[in-house]
Amino acid sequence: MKTVLITGCSSGYGLETARHFHALGWSVIATMRQPRDDSFLPVSDRLRVLPLDVTRPESIAQVLEAAGPIDVLVNNAGIGLFGAFEATPMATVHELFETNTFGTMAMCQAVIPQFRVRGAGTLINVTSSAVLAPMPLVAAYTASKMAVEGFSASLALELAPLGVRVKLVQPGYGPTTRFAANGQGRMQGLITEPYAAYAHSVFAQFQGAARTTQPADVAEAVWQAAQEGADRLRYPAGPDAVALAATPAGQGSRA
């Protein structure tokens, strides 16, 4: 039986991915900063919920010791941000990178040794469709995810000779997730008066979007990435992300 460790499983894509792998017979280690004591995940001897803060080295070490050997790592934990970059404190930008970028890199670095020794294993890093086409008012967030894209592409080359695969999953816009709710505190005051009218027009475009991404779309893309042994690196997830990925570079702006 194979084992997957997934970060950021308290809601949204991570939660659905944990459910999906469990339903398909895998042993699942679902991690989150503050485990919840409810029935949001199935009770099973093939599923464990462990606390993990990807910004703390000691937390990473503890969860990997408790988890034991794993076959796949899914770096899904992340925080969102929507607002004018001009109004965004640099402390908030640092917070984004600490979780979205450095947290992903730290998890990879901690898991690579066991994969290297075994000569097998898959690292799956979840980014965003924001890397596929320019999107306004998410400059810092996009930067944090673009960094993961470049990191993963390079890492894939250096780990391939060791039998370790690296994959990228690029979810589209998910209105049913808690992306906005989870980031409300850090987004306060980021839509200042000069940007207000434009921001409202952007909100309206998203509210009327014909194509959106559901958590099940992302879970299926992660599953596909975990199963494929091919050299494919990127997996857009959701009909909107798939459409953007098929658009020539620079032609798919969502502004």
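Predicted model: local features only at pLDDT ≥ 70, side-chain atom pairs only at ≥ 80, totals over all residues.
Residues are numbered from 1 along each chain as its sequence is written, and side-chain values use heavy atoms, with hydrogens and water left out. Helices (H or I, at least four residues) and strands (E, at least two) are DSSP runs numbered from the N terminus.

**The sheet**

- Seven strands make up an open sheet with parallel pairing, in the order β3-β2-β1-β4-β5-β6-β7, where two strands pair if DSSP finds at least two bridges between them.
- β3 and β7 (234-237) are the edge strands, each of which pairs on one side only.
- From one strand to the next the twist averages 20 degrees, with axes being lines fitted to C-alpha atoms, for helices over the stretch in contact, and angles running from 0 to 180 degrees between N-to-C directions.

**Strand β2 and its partners**

- Strand β1 (residues 3-6) pairs with β2 in the parallel sense over four bridges, and V28 in β2 is the bridge partner of V4.
- With strand β3 (residues 47-51), β2 pairs in the parallel sense over five bridges, and L50 in β3 is the bridge partner of T31.
- Together, β1, helix α1 (residues 12-23) and β2 make a right-handed β-α-β unit, a crossover being right-handed if, with the strands pointing away from the viewer, the path from the first strand over the helix to the second runs clockwise.
- In a regular strand the side chains alternate between the two faces of the sheet.
- Both faces of β2 are covered, with S27, I29 and T31 buried on one side and V28, A30 and M32 buried on the other; buried means under 20% relative accessible area, exposed over 50%, and partly exposed in between, for a 1.4 Å probe and protein chains only.

**Residue I29**

- I29 is found in β2, which spans residues 27-32, and is buried with a relative accessible area of 2%.
- Leaving aside neighbours within four places in sequence, I29 is in contact (heavy atoms within 4.5 Å) with T3, V4, L5, I6, R48, L50, A67 and I70.
- The C-alpha atoms of I29 and D71 are separated by 11 Å, although the two residues lie 42 residues apart along the chain.

**Helix α2**

- S59, I60, V63, L64 and A67 are buried in helix α2 (residues 57-67).
- These residues are on the same side of α2 because they cover an arc of only 125 degrees around the axis, the arc being that of the directions from the helix axis to the C-beta atoms.
- On the other side of α2, P57, Q62 and E65 are exposed.
- The buried residues of α2 pack against β1, β2, β3 and α3 (90-118), and just after the helix G68 takes a positive phi of about 75 degrees.

**Helix α8**

- Helix α8 (residues 215-227) has 13 residues and reaches 19 Å from its first C-alpha to its last, close to the 18 Å expected at 1.5 Å a residue, where the expected span is 1.5 Å times one less than the number of residues.
- Among the buried residues of α8 are P215, V218, V222 and W223.
- The buried residues of α8 pack against α1, β4 (72-75), β5, β6 and β7.
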